[in-house]
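These are my notebook entries from a look through one structure.

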Amino acid sequence: MRKLNEGLNAKLTLVSGQSGYGKTTALSQWAHAANLPVAWLSLDRQDNDWIAFWSGVTAAVETVAPGFGASSVMPLVKEGPSSAAASVSASTPAWSSEPAIKALLNALHDLAGELAIVLDDYQFIELPAIHRSWAYFVERLPDTVHLYVASRVDPAIPTARLLARQELHRVTTDDLRFDADEGRVFFELKAGLALTGEQTSALVRQTEGWISGLQLAAISLGRSPDPASFISQFSGRQQHIADYLLEEVFRDLEAPLQAFLLETSVLARMNPPLCEAVTGRTDCRALLARLEQLNLFLIPLDEERQWYRYHHLLSDFLRGQFAGSDPGGWASAHARAARWLEEQGSIEEAGEHYLEGRQYEDAVRLIERHLPGLIQSRGATLSRWVLRLPEGCLEGKPMAEMFYLLLLTGSGQKELAARKIGEALARYERLQGAMDETAWRSVMGNLYFLSGVSCYLLKDLTGVSRYFELAERLFPEARLLRSVSFNNNHVLDEFDDHMGYLNDYHAASEFMDKWLGVWGENLAHPFVLSLNVSHSRLLYEWNRLDEAEACVRRLLGRSDTPPVARTLLHLYGSASRIMQAQGYSGEAAELLVQLRARVDSPDYDLYMRRIEAEEACLHVRQGNRRRAAQWLARCGMSHADEVSIGSVTELLALARVLAACGRDAEALDLAERLYALLCREDRLRDRIQALIVQAIALHGLERTVEALDRLDTALRLAEPQGFVRSFVDEGEVMAELLSAYVEAEARGAAGTFAYARKLLQALSDEAAGRNAAVDEAAERSVPALQRLRVSCFGRFKVCGPDGREVRWRTSKAEELLAYLVHHRGEAVDRYRIMDALWDDDSAKTSANLNTTVHLLRKTLGTVGIEGVVQHNRGFYRVDADVLDCDYLSFEAWISAGTAPTDDNIDRCLAVAKLYAGPYLSDNGYPWSDPAGKSLENEFVTLLLQIGDYYMDDGNYSAAIGAMKRALKQASWREDVHVRLIRAHLANKDRIAALKQYDALKRMLRTEYRLEPGDEAKGLLNLR
């Protein structure tokens, strides 16, 4: 008890030891005696699922804090983890700052007083996604909450940091085992046996203080006519002791109790009705009471003693006996248990029993009946079940088979998956006409979608497009596979960086142009975000920097960009390289600083290593060898490290920095080993970059002939795909190598000289651009008129006094200025700002606001604008007097309520022209939506006023033009249609009026199932 009480001074207490050492008993006794609420969760195999685990944790806390998490936590838990977090590999980074875990932590913070949470039998939890989210949970746990975890093995969560901070407390086997005095008390008080001190010491010594061994020995001694003889023969290893003692105990039980124990041993937990269903007996309640009376390793799971489980030692022993002696009875017992549990709605437990009893038809029936729910809430369990089924079991069960094929695709068995998918396609194509048409279309839609994914993994983009086109035709039926883990396609490493995986850049460009055009900018689509990021990387590689910049700025400016760490890594990394190539070195570095702030994951250290590697390469490009060398000293990597496909990015960065810092031999060794790996993996881009590093390292070693040979290989690989930046980013050393390479042409050597000259020209242009940027910066330092031009209709855009668009250091700095402009110079409370921009008012968010204000002022200062953002006593405002803003001008006119007249019609038209698009629509700021709708209505009203003015003036063509603009904004408004009909008739164009009436009629019927009103009909005499 003392050791467990010491755990109240730590975040996490690990109680670890082999089965039978009393972990559960010790914790149970401690929990009953504790002076604080204890939430208890007993885990089993069914809890090895993200949703089941976190639902259990939340429900356990709710037992001691009624209402806990019902509205704030459980709905998020039931949505499950992001697919990144549900990654199948423990080494795969994941976005583990799940909304559900954050909500759970916030709810725990809100609890009054201290709380202990006990997780018993954690050894059943093996899912990496649970371990990662659990590690995140533990790291951020409130000081008032203490976790106690009992497990036969140490949990697969990082504990070094907790140990260093003295937040981890351990209770080990040595703490749990009985000594001689404790053994004496146990035999006397608990077992009622009068043993001598020598006999007690012998038993404790022979069992090594193993509590279950002592308990089994006590049961046998109670029945033995010669205790002394029994003790003298008692020896061996713990498992041998257990088997021996259990056989002794089991043999002495009456036959009905033996049969009951064997048949119910298949159950992970039991109550009397379930036992009756399995055994066919009616006296199960009495038999459970008898077992409890005998103290025979029966553990109650609730205070009311309705549910029980056998101790693992007894359970393992009985199962071995039952399965070995009566395989048929073993299978039948599982089947009976499964049927009862299925009837009670315990689907997971039922499925486990069907599979354990090899009742595969029933297992498939259960899977098929509950497939959508299992996919959404029990994906890990479903995956395990499907992979346990014998081959062929799922044929004829289309949706279950789709799920199996998806699992196969994600397992890395690309050729096998493609073959199986092809077989399924052929089989179901033959069933057209034999199956219900709707069902057939659904199956084929899902198969086409999965075939596209399979083709991608085989680098067949023509096949991807072919199958995606077929799948799109069948949408919305083809939903199943989109709803599985591909709702966020980062389960497979190949989907992280398309341009690192695909080798045909021209085909990739056509593919991206096509499908980004089809899917638009819907970031909820499984492929849109990562495909956009990869498109920016492709444009960057081709040196189409303006297009690449536009692509990443559009993504960085979106408020609905999913915060998936792996995607953010690629997005910000791409943006940083683009900014550096454009000459914005400060912004390039700032983007990586922002990335650090946005990464929130228990794999934080891994992400920091990758970000720091990117920063080191940026230092090399910027000529800062000192900073690059500092990274080499602290990165913890060596040129001799083992190379693997998952570490290519960091190791290529290491090789590049080693070469830049003059450690060419090490760089060469590493780059050559990476090249061999990348050839095996068929990764073109990284092969080329490994060859480039080899050429640079050999050049540094003055092995010029070999350097040019490696460069020639890289050029021959790169030229067909149009690579530019992979070479240009290396700067002056690449210019030297390419110059030497081109000189070989005069000597009659073979090579790709035209391509090399093109790259040399790109390097020359970039150097000239850098010089121009320096001159431009000098020009911008000259004082200019202190005004900003701000556009809010469409995209938020700010131009400095020189007319150049302001480049924002962070998207939040841009949003903060937009928010202050939105309030038209009024002072806004800091907490209101924090809630609008971060949906939070915590201390961390307060620090974020301070940083954002600083960056906003600093950015405006670079264009010669000072004092625009003002602060006073917790309120912020923008000085609207220095802004030329379309939104402010529009609102000022509308607020004045001035109707169009002969004197102001030109001004009215100019104000209407300010409305270039919906308010801040391209930025996606949620706080701007209500104002956007209001402004749209005001714009329509203004256009109608202009139309009325022209109608009164007899200028019907101008009136029609204004009204058409109004109708474009408000096509659902019948009164606008009527005005336009009246204008056409006034313009003597009855045909146009009738066409407008038909458009009105189609709209009303389609959208509202209504007919046009009497006014419209009366104008055309159609009543």
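Entry 1, strand β1. I looked up the pairing of β1 with strand β5 (residues 168–171): four bridges join them, and the two run parallel. I took helices (H or I, at least four residues) and strands (E, at least two) as DSSP runs, numbered from the N terminus. Two strands pair if DSSP finds at least two bridges between them. In β5, L168 is the bridge partner of L12.

I then checked the pairing of β1 with strand β4 (residues 145–151), which is also parallel, over five bridges. L12 has a bridge partner in β4 as well, L147.

A note on the source: this is a predicted model, in which local features need pLDDT of at least 70 and side-chain atom pairs count only at pLDDT 80 or more, while totals for chains, interfaces and linings use all residues. Residues are numbered from 1 along each chain as its sequence is written, and side-chain values use heavy atoms, with hydrogens and water left out.

How many residues of β1 (residues 12–16) are buried? I found five of its five. Buried means under 20% relative accessible area, exposed over 50%, and partly exposed in between (1.4 Å probe, protein chains only). Both faces of the strand are covered, with L12, L14 and S16 on one side and T13 and V15 on the other.

Entry 2, strand β8. I looked up which residues of β8 (residues 788–791) lie on its covered face and found L788 and V790. The uncovered face has R789 and S791.

β8 pairs with strand β13 (residues 883–885) in the parallel sense over three bridges. R789 has D884 as its bridge partner in β13. With strand β9 (residues 797–799), β8 runs antiparallel, and three bridges join the two. Here V790 stands opposite V798 of β9. I noted that β8 and β9 form a hairpin with five residues between them. In its turn, G794 has a positive phi of about 90 degrees.

Side chains of opposite charge can pair when their charged atoms come close. I counted a salt bridge where a side-chain nitrogen of Lys or Arg lies within 4 Å of a carboxyl oxygen of Asp or Glu. A search of the whole structure finds 43 of them. I looked up some of these.

R419 and E423 meet in a salt bridge at 3.1 Å, N to O. The two are separated by about one helical turn, because they are four residues apart in helix α24 (residues 414–429). R419 is partly exposed at 45% relative accessible area, and E423 is partly exposed at 37%.

R716 forms a salt bridge with D712, and their closest N and O atoms are 2.7 Å apart. This pair is also four residues apart, in helix α38 (residues 704–718), so about one helical turn separates R716 and D712. Is D712 buried or exposed? At 13% relative accessibility, D712 counts as buried, while R716 is partly exposed at 41%.

The side chains of R824 and E891 meet at 3.1 Å, N to O. This pair links distant parts of the chain, 67 residues apart: R824 is in the loop between α42 (811–822) and β10 (828–829), and E891 is in helix α45 (residues 886–896). R824 is partly exposed at 40%, and E891 is buried at 11%. I also noted one network, in which salt bridges that share partners join E342, D362, R365 and R369.

I used residues with over 30% relative accessible area and no salt bridge, joining like charges within 9 Å and nonpolar side chains (Val, Leu, Ile, Met, Phe, Trp, Tyr) within 5 Å. Accessible areas come from the Shrake-Rupley method with a 1.4 Å probe; for residues, only the protein chains shown count as cover. Lys and Arg count as positive and Asp and Glu as negative, with His and the chain ends not counted. I took the place of a charge as NZ of Lys, CZ of Arg, CG of Asp or CD of Glu.

Which residues form the negative patch? I found D902, D903, D952 and D953. D952 is in helix α47 (residues 929–953) and counts as exposed at 72% relative accessibility.

W972, Y1008 and L1010 make a nonpolar surface patch of about 320 Å². L1010 is in the loop between α50 (990–1008) and α51 (1014–1019), and at 46% relative accessibility L1010 counts as partly exposed.
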